Amino acid sequence: MADLIEGVNPTRMELLKLKTKVKLAKKGHRLLKEKRDALIMEFFNVLEEAKGARRQAEARLREAFAALILAQASLGVLKVTECAYAAKETPGIESYTRSIMGVRVPVLELQEASRSVIERGYGLADTSSQLDEAAARFEEALAAVVQLAEVERSIKLLAKEIESTKRRVNALENVLIPRLEATVKYIKMRLDEMERENFFKLKRIKAMIEART
Amino acid sequence: MEDRTFRLLAKQIRSLNRHLAIEKRSLRELLCEEKPAIRLRDGELHRFKREELEKLAKLLPEHMHAKLRLPIYIELSSDRFGKGTARISGRAACVAVAKILEKSCEGEELFIYKPEIRILRRELPTTTQYMFTTAAD
């Protein structure tokens, strides 16, 4: 039998209060369980997305670094570094949030991920097509990395929320509701006992009065 | 101690639907905006992905663009609809969801099940929201 709530008076008033509390706890438990299930469903959706995103980001980065090595081999490391400094600002990232059941997950949108050769900003006269190729590959990789960042952050936030919701559901299911129900049962038993005592007392008094008269 | 627990629990229940919109907005209205967003009950801003809005615009006939109010609510209520069942309300929302799930829809409400909820959320992550209700609501 579950523990009883301490300091509870076995009165009808207390019984009514406890019954309301049981109702509230059961309602909360049901709703939180639904939230937990929905969160888990979302988590698996994002997890599936993450698998693809990670694979894609790794492949893109591998291709980009291979292209960079080729560019460095044809132009020299120094020239490639020089071109990198000459390049215009990296594309901006627009970030905002969306809400999944109150969990604010980030949404990252890369603005104009792929640029033309002229837009990149380095000179065309003394550079090679390998450098253009490497830049294009890195732009593609950047888009994949940004998407991966979005999904991985979402996974962490969702996992945290699932954990806390799960803890609340378990606390309600295994501690609070059994304790409340045990206390309700105890009060009912005590009230019944008190009623029986009173009934017996009244009977005794009646018998005594009848004996006197 | 117990009262504090119940105050927290009541607060928790109240905050369960705080991620819903203060006011829904029509698809037509949102399509005209550069950064389509709505204000939520918790005061935060929720942005819709443009691609999703365009996908919905393609799915629905033009006269329904003004009727579809976003976000679409996926209503979960285990004591009313059963576990793993959700309800979509509103004619335009039902038509859009039915087209995504390749289901038939005639009335003002559509019932969908767990695997379908997953597909729907995957297709429309920002334009759909979960809503939790109980029989008493």
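Author: For classing residues, Ala, Val, Leu, Ile, Met, Phe, Trp, Tyr, Cys and Pro count as nonpolar, Asp, Glu, Lys and Arg as charged, and the others, Gly among them, as polar. On that basis, the lining of the largest cavity divides into four nonpolar, five polar and four charged residues. The model is predicted: local features need pLDDT of at least 70, side-chain atom pairs count only at pLDDT 80 or more, and totals for chains, interfaces and linings use all residues. Residues are numbered from 1 along each chain as its sequence is written, chains are lettered from A and ligands numbered from 1 in the order in which they are written, and side-chain values use heavy atoms, with hydrogens and water left out.

A cavity is a set of points, on a 1 Å grid over the protein atoms alone, where a 1.4 Å probe fits but cannot get out; a pocket is an open set with protein on both sides within 12 Å along at least five of seven lines; and lining residues have an atom within 4 Å of a point. Grid points are joined across faces, edges and corners, and a volume is the space filled by probe spheres set on the points. The structure holds one cavity of 30 Å³ or more, and the volume of the largest cavity is about 130 Å³. Its lining comprises 13 residues, and A:Glu34, A:Asp37, B:Leu76, B:Gly84 and B:Lys114 lie nearest the centre. Helices and strands here are DSSP runs numbered from the N terminus (helices H or I, at least four residues; strands E, at least two). Helix H1 (12–75) of chain A and helix H6 (114–123) of chain B each supply at least two lining residues, and H1(A) gives the most, with four.

Contact (heavy atoms within 4.5 Å) involves 35 residues of chain A and 37 residues of chain B. Buried area is the accessible area (1.4 Å probe) that two parts lose on being put together, summed over both; for chains A and B the total is about 3,200 Å², 59% of it on carbon and sulfur atoms. On the chain A side, A:Leu31, A:Glu34 and A:Met41 lose the most area, together 18% of what that side buries. A:Glu34 is also among the residues nearest the centre of the cavity.

A nonpolar core is a set of buried Ala, Val, Leu, Ile, Met, Phe, Trp, Tyr and Cys residues joined through side-chain atoms within 4.5 Å, where buried means under 20% relative accessible area, exposed over 50% and partly exposed in between (1.4 Å probe, protein chains only). The largest core has 77 residues, of which B:Leu68, B:Leu70, B:Ile88, B:Ile112 and B:Tyr130 touch the most other members. Helix H4 (residues 129–212) of chain A gives the most to this core, with 15 residues. Leaving aside neighbours within four places in sequence, B:Tyr130 is in contact with residues including A:Met41, A:Met101 and B:Leu76.

B:Leu70 is joined to B:Pro71 by a cis peptide bond, with omega about 0°. A:Met101, although not a glycine, has a positive phi of about 50°; A:Met101 counts as buried, at 3% relative accessibility.
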